[in-house]
Amino acid sequence: MLVEIVRMDDFGRGIGYLNDKVIFIPKTIVGDKVNVLVVKEYKNYLIGRVIKIIELSVNRINSKCPFFDKCGGCDLLEINYENTLNYKVDKIANLLKRNDLDLDISIVSNPNPFNYRNKVSLKIVDGLIGYYESNTNTLVNIDNCLVAKEEINKFIKEYKYLNLNNALITIRCNYNNELLIVIESKESCNIDVDYLANKFNIKGIIYNNKCIYKDNYFYEKINNYRFKVSYNSFFQVNPYITSKLFNYLEENINEGIILDLYSGVGTLSIVASKNANKVYSLEIVENAIKDGILNSKLNHVNNIEFIGGNVNKTINMINDNIDTIIVDPPRSGLDNKTFDSIIKIRPNKIIYISCNPNTLMRDLSKFKEDYNFDKIKLFDMFSYSEHVETVCLLKLKKL
Ligand SMILES: C[S@@+](CC[C@H](N)C(=O)[O-])C[C@H]1O[C@@H](n2cnc3c(N)ncnc32)[C@H](O)[C@@H]1O
């Protein structure tokens with residue numbers, strides 16, 4: 001059945017029509033003509049899979065990734081980089097329109113759209129390593145990932161020395177090409193550490209939450225800042241874009257008292273502390289809080305107070321006159337309790353950083369009554385995937 005792709009959806013899938021029904025087809029782009037198999041049929045729409053490409057879109061490029069057709073990541077890999085940015089801007093513009101929000105959009109591009117990821121999580125299944133196909137448990141065996149840092153790719157090629165048949169493995173790489181290897185497996189540990197440590201600069205290996213080689217952390221460096229990052233602490237996956245995000249934050253933080261919610265290892269708190277009088281840094285992961293305390297010392301900062309626990313409770317412990325709140329929540333966005341507490345605090349400014357535009361739109365719609373916002377800046381943190389990081393500046397409405 002022949003389908004022509006006429007537009008793209010928010011998940012990077014091509015959209016066409018088949019027998020008057022909308023059909024969503026992964027790994028296609030506008031202008032492609034494809035023969036499809038309908039893999040799922042719903043009342044109002046269909047999901048298809050490409051059987052054969054009949055005519056390639058003029059906008060298609062050769063991705064150079066042999067795993068593109070099957071792998072669940074990088075949906076936009078066959079679109080030229082400039083157009084992937086246009087796709088992200090259009091996607092946010094459509095979402096804003098659907099939510100009745102009118103904002104200027106700009107996007108910051110990634111200077112290294114390939115080999116930028118400092119962290120990948122892979123499965124080892126029956127001795128083979130790879131990612132899962134989208135929405136399945138079918139492994140796509142890979143030996144290279146175009147968006148992962150080179151050192152991570154070198155490690156993937158040597159994974160056999162881990163001597164694992166079934167495991168989940170996370171490989172993190174810092175500015176210095178040191179590797180932190182985190183493994184979860186039911187198998188007993190039989191890693192050829194000597195071989196791997198001889199070949200790579202391994203900072204640590206953590207096996208089922210236990211450090212079995214050297215350290216359970218490494219140091220990351222962004223701009224002139226240095227951060228200790230524990231194996232289970234969050235850190236942005238793209239150091240090149242994180243650097244630009246820090247610059248943007250520095251430009252938009254004034255003096256006063258800052259509350260940084262969901263603060264990870266204290267990165268944004270430390271960046272904000274330069275201009276601020278005082279920063280409160282709130283985070284749930286215990287190791288991340290410990291890292292944060294150390295990071296403030298590492299960066300010669302002494303005006304940050306770290307508070308561990310769930311933000312929806314710890315936010316109520318703050319009895320200070322807050323000027324600015326920075327929020328950088330997980331994909332689920334702000335829960336109702338946290339939202340209500342922010343409204344009660346009524347800061348002059350909110351800097352909302354989000355990796356999920358859908359929950360961002362929901363939260364912005366709720367802030368609309370009390371706050372003005374007229375622009376949104378996108379940062380291409382996850383190049384060649386449909387995802388994008390966004391920053392929105394909110395200003396309190398004057399009564
Ligand atoms: C998107 S990350 C942002 C981290 C940090 N702002 C940065 O740029 O590195 C979200 C952080 O929120 C933390 N987190 C998730 N749920 C939380 C909660 N209910 N209360 C406090 N922190 C939470 C996670 O552990 C993670 O460190």
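Residues are numbered from 1 along each chain as its sequence is written. Because this is a prediction, local features need pLDDT of at least 70 and side-chain atom pairs count only at pLDDT 80 or more, while totals for chains, interfaces and linings use all residues; side-chain values use heavy atoms, with hydrogens and water left out.

Let's begin with the ligand. It is surrounded by 16 residues, and the closest are Thr267, Glu283, Asn310, Val311 and Asp328 (a residue is near a molecule or strand if one of its heavy atoms lies within 4 Å of it). Sorted by class, that shell holds eight nonpolar, six polar and two charged residues. For the bookkeeping, Ala, Val, Leu, Ile, Met, Phe, Trp, Tyr, Cys and Pro are nonpolar, Asp, Glu, Lys and Arg are charged, and the others, Gly among them, are polar.

Which atoms of the ligand pair up with tyrosine 262, glutamate 283 and aspartate 328? A polar side-chain atom of glutamate 283 sits 2.7 Å from a ligand oxygen, and a polar side-chain atom of aspartate 328 is 3.0 Å from a ligand nitrogen. Tyrosine 262 uses its backbone instead: an N or O atom there lies 3.1 Å from a nitrogen of the ligand. On its own the ligand has 590 Å² of accessible area, and the protein covers 87% of that (areas come from the Shrake-Rupley method with a 1.4 Å probe; for residues, only the protein chains shown count as cover).

Now for helix α9, residues 357-367. Helices (H or I, at least four residues) and strands (E, at least two) are DSSP runs, numbered from the N terminus. Buried means under 20% relative accessible area, exposed over 50%, and partly exposed in between, with a 1.4 Å probe and protein chains only. The buried residues of α9 are Pro357, Thr359, Leu360, Met361, Asp363, Leu364 and Phe367. Their cover includes α1, α8 (336-345), β21 (349-354), β22 (371-372), β23 and β24, where contact means heavy atoms within 4.5 Å. At the start of the helix, a side-chain oxygen of asparagine 356 comes within 3.0 Å of the backbone nitrogen of asparagine 358.

The loop between β23 (375-379) and β24 (389-396) is where you'll find glutamate 386. This residue counts as buried because its relative accessible area is 11%. Its side chain makes a polar contact with the side chain of histidine 387 at 3.4 Å. A polar contact is a pair of N or O atoms within 3.5 Å; within protein, one must be able to donate a hydrogen and the other to accept it, and residues adjacent in sequence count only if both atoms are side-chain atoms. Not counting residues up to four places away in sequence, glutamate 386 touches Asp10, Phe11, Gly12, Asp75, Leu76, Tyr87, Lys88 and Lys91.

Lysine 27, in the loop between β4 (21-25) and β5 (33-41), has a positive phi of about 65 degrees although it is not a glycine. Cysteine 74, in the loop between β6 (45-55) and α1 (81-98), also has a positive phi, near 50 degrees. Lysine 27 is buried at 11%, and cysteine 74 is buried at 17%.

Serine 230 lies in strand β16 (residues 225-230) and is buried, with a relative accessible area of 3%. Leaving aside neighbours within four places in sequence, serine 230 is in contact with Arg172, Asn216, Tyr217, Asn287 and Asp291. Asparagine 319 is exposed at 75% relative accessibility, in the loop between α7 (311-314) and β20 (324-327).

With neighbours within four places in sequence set aside, glutamate 4 is in contact with Ile15, Gly16, Tyr17, Asp32 and Lys33.
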